[in-house]
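Q: Could you take a close look at the salt bridges in this one and walk me through them?

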Amino acid sequence: VIFGVDDCACMQCYRHNIEMILQTYVSTIILLLLHTPSFIHASSSTPKMTATNAAQVDPAIYAKSGDISKHLEGVKKQYDTQNKIEFYKQVMGDGTANIHFGKWDNVDLDQEGAYGKASEQMTDYMFELVSGLCDCEGDFKYVDLGSGTGAAALRLVKMHPHIKHATCLNLCDEQNALATKEAAEAGLESRIEVVTGTYEDAPLDDNKYDACFSQDAFVHAFEKKQAFKEAFRVTKPGGAFVWCDLMCGSGEGVSDEELQTFAATNMVNDWLSPEENVAACQAVGWEDVKFVDLTADIRISFQLMLKKVEKILADGNPAGIDEKLLASYKTNLGNRITQVDRGVFKWGVVHAKKPTAAAN
């Protein structure tokens with residue numbers, strides 16, 4: 001009992017005070033909701049991503065540091081372990097080394113090997129863009145910047161006899177060892193060279209390649225403009241530049257905090273929108289720079305990756321992938337699908353040409 005009640009007059013006073021308390025309580029709750037940061041930009045159907053559910057990762061490894069050496073070490077730990085190689089092989093490569101997002105035109109999502117087919121289709125699409133931008137006849141040479149396991153180069157060199165030489169430039173030692181092994185087993189070691197290094201300080205000669213190619217790697221560039229500048233330096237005048245990757249989105253209701261949370265937990269130091277990436281390419285000398293929006297395709301890629309993870313778990317994880325890794329990716333991939341719908345990021349291709357009379 002809040003107040004003593006002895007008669008009707010006191011009862012009326014009691015009721016009045018209770019009403020005043022309730023009104024004050026409700027008003028306070030409304031003010032708290034309106035002024036608490038975690039509610040700003042929130043959708044009624046989709047909760048705002050926070051650092052807790054953005055990605056289940058070790059912040060000591062994956063946190064954005066601003067230190068390039070720590071950043072590169074984090075990238076290695078994200079990809080270059082046997083456990084991670086096996087995970088990506090099973091979830092993205094359909095048992096192959098082609099661990100790229102897919103282009104899903106005319107691919108039956110329910111067919112066996114659908115993801116691998118879409119990944120290869122994306123590689124082929126990008127090389128078609130290269131072919132349309134520069135002369136691919138004769139002794140054609142190109143470099144794959146951030147080549148991973150070398151799967152794209154292996155496919156393209158096998159398919160196109162006119163590719164005299166492909167250089168796979170990649171940071172990760174385990175991936176590079178696998179790429180070297182696969183090239184030798186395919187009898188392509190004389191046409192495919194694997195080089196360890198970064199695409200921001202490439203150990204490659206000026207004006208060497210007819211084209212620079214990069215599939216799902218530049219998202220990890222410590223500084224995008226420097227990566228684009230190095231690509232420009234090693235490309236011959238008149239050559240082509242084609243790359244694809246995740247880019248920063250601009251969806252309505254997406255907060256800066258949410259964008260930065262995604263970046264910090266995915267080894268993204270320089271998180272640019274498509275327009276900013278185009279401008280950065282132009283700033284270092286690339287011409288005819290265009291962005292092709294393929295965001296709808298990455299939504300399907302995330303859906304199929306989630307389906308794969310769920311199947312691996314349902315089948316008892318026969319490949320022996322770390323159970324915590326599978327569980328975290330199951331959560332994170334569900335978030336990714338929702339984030340695509342909300343415009344947290346975009347995915348697509350940027351293509352450009354180096355002017356014929358360009359000087360490095």
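A: Let's start with a buried pair: E258 and R342 are both buried, buried being under 20% relative accessible area, exposed over 50% and partly exposed in between (1.4 Å probe, protein chains only). Before going on, note that this is a predicted model, where local features need pLDDT of at least 70, side-chain atom pairs count only at pLDDT 80 or more, and totals for chains, interfaces and linings use all residues. Residues are numbered from 1 along each chain as its sequence is written, and side-chain values use heavy atoms, with hydrogens and water left out.

Back to that pair: the side chains of E258 and R342 form a salt bridge at 2.6 Å, N to O. E258 sits in helix 10 (residues 256-264) and R342 in helix 13 (residues 323-342), so the bridge links distant parts of the chain, 84 residues apart. Helices here are DSSP runs of H or I, at least four residues, numbered from the N terminus. A salt bridge means a side-chain nitrogen of Lys or Arg within 4 Å of a carboxyl oxygen of Asp or Glu, and by that rule the count is 11.

Helix 13 also holds D341, whose side chain meets R299 of helix 12 (residues 295-314) in a salt bridge of 2.7 Å, N to O. These two are 42 residues apart, again linking distant parts of the chain. R299 is partly exposed, with a relative accessible area of 26%.

Then there's D315, which bridges to K311 with the closest N and O atoms 2.7 Å apart. D315 is partly exposed, at 47% relative accessible area.
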